[in-house]
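Dear colleague,

Please find the structure below for your records. My notes on one helix and on several salt bridges follow.

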Amino acid sequence: MIQAFGLTSNSRKDLPPAVDDVSFEARAGHVTALLGATGAGKTTTLRLMLELQQGRGLTYFRGRPLHRIAHPSREVGVLMGDVPGHPARTVRGHLRMLCAAAGVPVRRADEVLEVVGLVSLRDERLGALSRGMDRRLGLACALLSDPHTLVLDDPADGLAPREGHWLHGMLRAHATQGGTVLFTTAEPKEAARAADHVVTLDQGRVVADQAAAEFARTRLRPRVAVRTPHVARLAALLAKEARTAHRSVEVVREGGNRLSVYGSTCADIGETAFRHGILVHQLADEIGDMGPGAGPFPGEALEAVQGVPAAGEGPESGELLDAGAVEPAGTERSSGRVELDQSAPQSGSQVHGDTVVPAGSDKHGDRTAHDVPGARPAAGSGGGVQGAATVSRPPAPLPSLPPPISVRSAPSPLRPLRYELRRAAGIGTGFLTAAAVLVTSALTAVFLARVGHTPQARLLAAWPRELPLPPAALGAGLLGALAFGDEFRHPALAADRGTVPRRLGLLTAKLVVTAVTALALAFLTLGCDAEVLYLVYGRELTEVPADWFLLSASWFGLVVGCAWAGVLAAGVFRSTTAGLAAVVAVPVLVVPLVQKALQGASMRAAVGLPARLREVFLSQWPFGGERYLTGAVRVIAQPVGGALTLSLTALVCAYLFTTLRSRVR
């Protein structure tokens with residue numbers, strides 16, 4: 001179950017908070033709707049619950065806050081807005097990537113695709129899906145790790161009635177199996193039909209917390225609230241006048257001295273009470289959650305009035321209640337739910353007669369109807385409704401859910417690595433970037449060779465002195481920035497304490513994958529440049545330099561360092577552009593500062609470093625290890641290498657600081 005206590009968003013300048021002291025409960029085995037108009041604070045409430053937005057208050061999922069759950073995606077299935085994923089990724093590839101992120105078997109992707117009916121579209125791109133298919137994929141993502149709780153933000157928005165009924169049927173099936181379902185909606189009728197419990201928000205506050213039956217009876221339609229000590233007499237008079245005038249009036253006895261009259265006005269009721277000398281203590285209009293959603297779904301109004309079942313429903317002409325009352329067609333009572341079609345006023349048709357409903361008989365009230373279309377009198381009644389008779393339809397079968405899975409709780413170090421590999425290889429951005437880098441580098445090398453006066457090392461790396469970085473380093477930095485930046489633009493793990501889970505395991509996986517990618521890109525760039533130079537100018541420009549080892553170490557270190565700088569900067573600033581800007585800032589801003597520092601009188605050159613190393617460690621390094629250490633120190637001592645080292649150190653510290661800060665919060 002979900003328990004929310006005092007959820008309050010941070011104030012926005014002089015404006016009141018979007019959500020102020022919201023508390024409610026969503027029970028297991030039930031579907032709970034969070035109802036409110038646009039701007040009422042529904043989405044902000046969900047974001048506060050999922051810790052995606054800063055604020056005050058607590059939310060417990062089966063007794064634990066989200067940040068105390070080891071794997072939130074296995075406990076809470078989330079759908080916030082459109083399906084979070086890169087538009088170029090395939091449906092099946094997106095689900096397989098999420099399987100690796102959640103640590104569930106890959107076959108789970110095919111199981112949920114079959115359940116939501118997307119098997120034929122598994123190779124379709126996310127950007128090409130229709131609205132209905134997008135909603136189906138979003139539900140598949142939420143059900144992927146077999147969570148106990150589903151949290152969905154307006155899941156049926158923009159769907160056709162048939163798609164909406166299917167989606168709510170899936171939510172009902174999940175609740176029937178013991179799960180907890182919470183969804184938001186701006187349509188009162190949708191909340192009354194699909195939920196067991198309705199929590200109504202208005203301007204960021206809870207204004208009603210009701211069962212669906214009570215909500216449908218008291219808040220779905222406008223009414224006139226009447227308080228009088230002569231409740232029974234006034235109710236009978238109102239029913240008699242409505243029957244005489246052939247008007248549709250429903251009178252509900254709320255208990256005590258209170259009446260709720262539907263289908264009438266304060267003026268009519270006041271005149272009736274005045275003519276018959278009935279004392280009235282209160283007479284006021286009460287308008288509940290009326291609006292565009294209060295009417296029936298498109299295409300259902302006429303069917304509801306005529307008693308014709310909607311598409312996909314069984315035959316139904318009406319339901320006779322125990323005390324001889326009639327519920328019109330389109331009203332369903334099962335497992336604590338109410339589906340109520342207020343279709344007569346909206347469709348232009350009226351139900352002639354009156355309805356008097358005393359309170360206390362059942363959760364709908366006892367209704368006595370006259371001349372209600374679709375109602376059939378009981379045998380021997382002489383045209384009246386007498387005795388107890390029930391005409392009901394069998395409940396429609398609920399959609400099937402994917403079979404439960406057993407997720408091993410033991411952490412696997414390969415899980416984030418598999419996720420990162422599928423994330424990087426699932427779209428063509430990385431391959432296109434690598435191809436563009438190779439082509440640009442080859443053309444630049446040919447141009448530099450034609451101009452002349454370029455050292456051999458810079459010629460092979462295609463690095464003009466006028467550019468801060470070579471194309472390979474810029475490409476590696478872009479690929480590194482995309483590793484985090486793409487996920488912030490198209491988040492895949494919305495429930496993991498932010499759009500991207502800040503875990504060192506995931507960071508390590510990203511650094512490993514980007515390092516391997518950068519090394520491959522650096523090697524291919526050297527080979528491609530050398531081959532193009534050989535084909536154009538011959539062997540003279542492709543000779544291997546004498547200090548090839550140190551130059552190779554510097555080259556590979558530069559490319560890998562740029563890739564890592566892109567990863568860390570994008571993770572800290574949550575932007576691909578910021579990650580790439582941090583890479584470019586190293587030679588443009590940091591290198592001049594490092595050069596100025598190295599030119600100071602206090603700096604000494606690393607002369608005789610091997611001898612000093614032997615003096616410090618008092619032993620000879622095996623296999624000439626001091627030579628490799630000397631080469632690494634010389635690489636770092638270079639202006640670009642030193643600046644890159646400083647930048648990486650600062651970004652690592654910033655990343656760790658933001659991670660620890662978010663966990664403390």
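**Helix α10 and its surroundings**

The buried residues of α10 are in contact (heavy atoms within 4.5 Å) with β10 (223-227), α9 (231-245), β12 (258-262) and β13 (282-286). Helices (H or I, at least four residues) and strands (E, at least two) are DSSP runs, numbered from the N terminus. This is a predicted model, in which local features need pLDDT of at least 70, side-chain atom pairs count only at pLDDT 80 or more, and totals for chains, interfaces and linings use all residues. Residues are numbered from 1 along each chain as its sequence is written, and side-chain values use heavy atoms, with hydrogens and water left out.

In α10 (residues 266-275), Cys-266, Ile-269, Thr-272 and Ala-273 are buried (under 20% relative accessible area; exposed is over 50% and partly exposed in between, with a 1.4 Å probe and protein chains only). Viewed down the helix axis, these residues fall within an arc of 135 degrees, so they line one face of α10; the arc is that of the directions from the helix axis to the C-beta atoms. The face turned away from this buried side carries the exposed Phe-274 and Arg-275.

**Salt bridges**

A salt bridge is a side-chain nitrogen of Lys or Arg within 4 Å of a carboxyl oxygen of Asp or Glu; the count is 12. One of them joins Arg-423 and Glu-420 (2.7 Å, N to O). These residues lie 3 apart in α13 (residues 414-425), so about one helical turn separates them. Glu-420 is buried, at 0% relative accessibility. Through shared partners, Glu-420, Arg-423 and Lys-510 form one network of salt bridges.

Yours sincerely
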